[in-house]
Amino acid sequence: MEKPRVVFPYTEAGLGHIMPMNSIADEFEKLYGDKVECVRSQFFTETGNPYLIKYEKHLSESVANYNRFPCMGFFATFNMDFWGTTISSWGAVVYIEQNAAEAGIAHMEELKPDLVVSTHWATNYYAMHMKNRPLTAMYCPDAKINTLFRYKCDLTLASMPTGYRRARRMHFRRYNNDNIKLVPFLIRKEAFDVSRDKKVNRRLIGVDEDKFTVVLADGGYGIGKLQPMTEELLKRDLPINLVPVCGRNEELYKHFKTLTAGPNTTFRPFGLADNMLEIIAAADITCGKSGASMMAEPCFFGVPQIITHYATDIERWIGKYYIKTVGSAIKIFNTKRAVDKIEEFISHPEKLEPYRRNAEAQRSNYGAEKCARYIFGLLCKKFPELKDGTELM
């Protein structure tokens with residue numbers, strides 16, 4: 001008998017969809033690679049289909065625009081909620097580019113999956129519209145399972161208790177004990193190998209190991225309050241390591257490379273950093289938007305956060321979770337006030353300590369093993385001969 005095929009389709013719509021997919025695929029392959037065929041698919045680009053390439057570009061540009069113009073992001077999420085899951089999903093996948101939807105379903109059929117694991121709603125939609133529909137699992141990292149993530153699938157995996165409870169309460173006809181599970185946040189497996197000694201990490205990223213370290217990041221596209229926060233901190237010439245991470249915003253990175261810091265500030269800008277985990281683990285505080293990974297990764301390393309803006313209503317819910325439930329973050333949208341607060345923490349580090357402890361307390365709620373075992377349990381419903389006692393149901 002051929003091994004069941006489990007497909008992990010990647011979507012470039014912000015790193016928040018790519019990193020959890022890596023985490024799930026790595027863990028699933030480690031645990032069950034001898035029992036199943038794991039297929040990692042660069043879904044939108046691997047065939048060269050121009051419609052799929054164009055559609056993925058539209059997804060990434062939408063994320064960038066929401067960060068550049070938050071009113072667009074809030075309108076988009078409001079609009080989705082207004083029209084509901086079925087209409088909004090059709091509109092987001094089919095109406096915007098019908099040719100891409102047809103190509104997406106066709107390519108999903110070419111992959112011949114027995115189970116499709118998605119971290120983005122579009123690939124789940126394609127899988128659900130195949131003639132011979134496979135099993136489907138979808139991971140949502142947010143504090144609110146938004147309209148498009150509520151599209152039907154066999155198993156929804158939620159990583160924030162508030163999102164899980166809200167989904168069970170508000171959408172009780174959609175979710176039950178079998179089709180939604182609460183799992184730890186899917187942080188990259190490399191995070192567990194990063195030193196917890198800030199001085200070690202500061203040496204690795206090339207800054208002063210003894211200085212208070214401020215990391216600024218606004219997601220993979222580097223759009224938001226990154227530039228004004230950096231320039232305000234440089235202007236004040238504080239005794240800090242100032243580390244802005246520009247992601248794919250090459251223009252901003254080039255601009256930062258032209259700036260000169262005062263005698264007290266060690267200025268070390270990064271572009272698209274492949275050592276992002278070391279950068280975060282080196283920080284005393286991070287500042288930026290409240291994307292799922294942008295909040296979860298600092299929290300994993302016990303690093304408090306200042307939220308400087310929300311790009312969508314989804315990010316507002318995420319921010320609210322870390323502010324009110326976890327207690328590791330504060331929200332300050334005004335740039336000068338945010339920098340004032342950093343100055344206060346530099347002068348009075350004891351005021352930062354409660355936020356650090358609250359972040360540190362979340363460290364056990366990370367990792368992909370539980371998620372992988374739930375997905376394997378779903379697969380065992382179709383292939384009961386795979387059962388080995390390690391699956392979760």
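**Entry 1**

I started with F82 and found it in helix 3. I'm working from a predicted model, and I keep that in mind throughout. Is F82 buried or exposed? Its relative accessibility is 55%, so I put it down as exposed, the cut-off being over 50%.

Next I looked up the surface around F82. It belongs to a nonpolar patch together with F75, F78, W83 and I87. Together these residues have about 610 Å² of accessible area. Which element gives the most to the patch? That is helix 3, residues 70-83, with 4 residues.

**Entry 1**

A122 sits in helix 6, which runs over residues 121-128. I noted a relative accessible area of 0% for A122, so it goes down as buried. What does A122 touch, once its neighbours within four places in sequence are left aside? I got F44, Y55 and V93.

**Entry 2: aromatic pairs**

F44 and Y55 made me look at rings. How many aromatic pairs does the structure hold? My note says 20. F44 and Y55 form one of them, a tilted pair with 6.2 Å from centre to centre and 35 degrees between the planes. This pair links distant parts of the chain: F44 is in the loop between strand 2 (37-41) and helix 2 (50-68), while Y55 is in helix 2, 11 residues apart. I have both F44 and Y55 down as buried.

Then I turned to F345 and Y355, an edge-to-face pair with centres 6.2 Å apart and planes at 70 degrees. F345 belongs to helix 14 (residues 335-347) and Y355 to helix 15 (residues 353-360), so this pair ties together parts 10 residues apart in sequence. F345 counts as buried because its relative accessibility is 3%, whereas Y355 is partly exposed at 25%.

**Entry 3: a cluster, and charges over rings**

I also found an aromatic cluster made of F185, F192, F300, F301 and Y366. What sits over the ring of F300? I found the charged end of R363 there, 4.0 Å from the ring centre.

I wrote down K331 as well. K331 lies over the face of F333, and the distance to the ring centre is 5.5 Å.

Conventions: Residues are numbered from 1 along each chain as its sequence is written. This is a predicted model: local features need pLDDT of at least 70, side-chain atom pairs count only at pLDDT 80 or more; totals for chains, interfaces and linings use all residues. Side-chain values use heavy atoms; hydrogens and water are left out. Rings of Phe, Tyr and Trp (its six-membered ring) pair if their centres lie within 6.5 Å; planes under 30 degrees apart count as stacked, over 60 as edge-to-face and the rest as tilted. Helices (H or I, at least four residues) and strands (E, at least two) are DSSP runs, numbered from the N terminus. Buried means under 20% relative accessible area, exposed over 50%, partly exposed in between (1.4 Å probe, protein chains only). A charge sits over a ring if NZ of Lys or CZ of Arg is within 6 Å of the ring centre and within 35 degrees of the ring normal. Patches are made of residues with over 30% relative accessible area and no salt bridge: like charges are joined within 9 Å, nonpolar side chains (Val, Leu, Ile, Met, Phe, Trp, Tyr) within 5 Å. Accessible areas come from the Shrake-Rupley method with a 1.4 Å probe; for residues, only the protein chains shown count as cover. A salt bridge is a side-chain nitrogen of Lys or Arg within 4 Å of a carboxyl oxygen of Asp or Glu. Contact means heavy atoms within 4.5 Å.
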